[in-house]
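Keep the picture open while you read.

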Amino acid sequence: AAAFGMFFYLAGVWRLHKRGDRWPIYRTVLWVLGMLLLVWVTSGPINAYQDYLFSVHMVGHMLLTMVIPLCLVPGAPVSLAARAIAKRSDGTRGGREWILWAVHTPFAKVVTNPIFAAAMFIGSLWVFYYTDLFRWSLYDHIGHEWMVAHFLISGYLFVQSLVGIDPVPYRLPYAFRLLTLISIMAMHAFFGIAIMMQTGLMAAEWFGAMGRTWGQTPLEDQNTGGGIAWSVGEIP
């Protein structure tokens, strides 16, 4: 998916370049960087160790939901597609028409609404880790893939609602965006602190029963993971 994302994005930039149009280089750099980070998180050492260390799992989660979207959103893929894909004049729908149609559907109006995006962003953290969804992501590969997709998309929508330049049906004024950011970051910090204060293991039958003899104890590692959620989550 990341390879396709980079290929079609660069193809769009090249098409603009060939006809003499400009596309800011920083957008291309950030998009490619975001896609490379996605590959690294889902296929590199984080993916290998997240099943053994809760702290590594949390690093991957923070990158998926907060850091990678900060690279992808400024890339403005919808705006690039609208400029690079030829507009059809025969009344049929091509790639450009379908993309712009999807952006303005009732479903898109709901999921891109700033209040919905913020609620989904912060609510997903609590629901995921304090229900059996977390266990599902550990025991089932489909659950793991759902986790990656969900938190990447929820992070993307939240960042898009704050600093995105792609067209959306509604965007909050700047002052309200700042208030939204402050309130969500406070709740995000509280989430990390709540994990650090726990005296019992999350998914104890998984992290506490694998017989790992290296690294921190499972509870110490969980506390480290809470600290990562608290600190790293505030930086972006």
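A residue is called buried when its relative accessible area is under 20%, exposed when the value is over 50%, and partly exposed in between. Tryptophan 206, with a relative accessible area of 21%, is therefore partly exposed. Keep in mind that this is a predicted model.

At 51% relative accessibility, tyrosine 139 counts as exposed.

Now for the aromatic rings in general. Rings pair if their centres lie within 6.5 Å, and planes over 60 degrees apart count as edge-to-face. By this rule there are 21 aromatic pairs. Two of them are set out here.

| Ring pair | Distance between centres | Angle between planes | Arrangement |
|---|---|---|---|
| Phenylalanine 128 and tyrosine 129 | 4.9 Å | 90° | edge-to-face |
| Tyrosine 139 and tryptophan 206 | 5.0 Å | 70° | edge-to-face |

The pair of tyrosine 139 and tryptophan 206 links distant parts of the chain: tyrosine 139 belongs to helix H9 and tryptophan 206 to helix H12 (residues 204–207), 67 residues apart. In the other pair, both phenylalanine 128 and tyrosine 129 are buried.

Next, follow helix H8, which covers residues 114–129. Helix H8 has 16 residues and spans 23 Å from its first C-alpha to its last, close to the 22 Å expected at 1.5 Å a residue. Where is the kink in H8 centred? Look at glycine 123, where H8 has a kink of about 30°. At the start of H8, a side-chain oxygen of asparagine 113 comes to within 2.9 Å of the backbone nitrogen of isoleucine 115.

Several residues of H8 are buried, including Pro114, Ala117, Phe121, Ile122 and Leu125. The buried residues of H8 pack against helices H4, H7, H9, H10 and H11.

Helix H11 is also the place of histidine 188. Is histidine 188 buried or exposed? Its relative accessibility is 0%, so histidine 188 counts as buried. Leaving out residues up to four places away in sequence, histidine 188 touches Phe121, Ile122 and Leu125, and its other contacts include Met62, Met66 and Glu234.

Arginine 27 lies over the face of tryptophan 23, at 4.7 Å from the ring centre. Arginine 177 lies over the face of tyrosine 174, at 4.4 Å from the ring centre.

Definitions and conventions:
Residues are numbered from 1 along each chain as its sequence is written. This is a predicted model: local features need pLDDT of at least 70, side-chain atom pairs count only at pLDDT 80 or more; totals for chains, interfaces and linings use all residues. Side-chain values use heavy atoms; hydrogens and water are left out. Helices (H or I, at least four residues) and strands (E, at least two) are DSSP runs, numbered from the N terminus. The expected span of a helix is 1.5 Å times one less than its number of residues. The bend at a residue is the angle between axes fitted to the seven residues ending there and the seven starting there. Buried means under 20% relative accessible area, exposed over 50%, partly exposed in between (1.4 Å probe, protein chains only). Contact means heavy atoms within 4.5 Å. A polar contact is a pair of N or O atoms within 3.5 Å; within protein, one must be able to donate a hydrogen and the other to accept it, and residues adjacent in sequence count only if both atoms are side-chain atoms. Rings of Phe, Tyr and Trp (its six-membered ring) pair if their centres lie within 6.5 Å; planes under 30 degrees apart count as stacked, over 60 as edge-to-face and the rest as tilted. A charge sits over a ring if NZ of Lys or CZ of Arg is within 6 Å of the ring centre and within 35 degrees of the ring normal.
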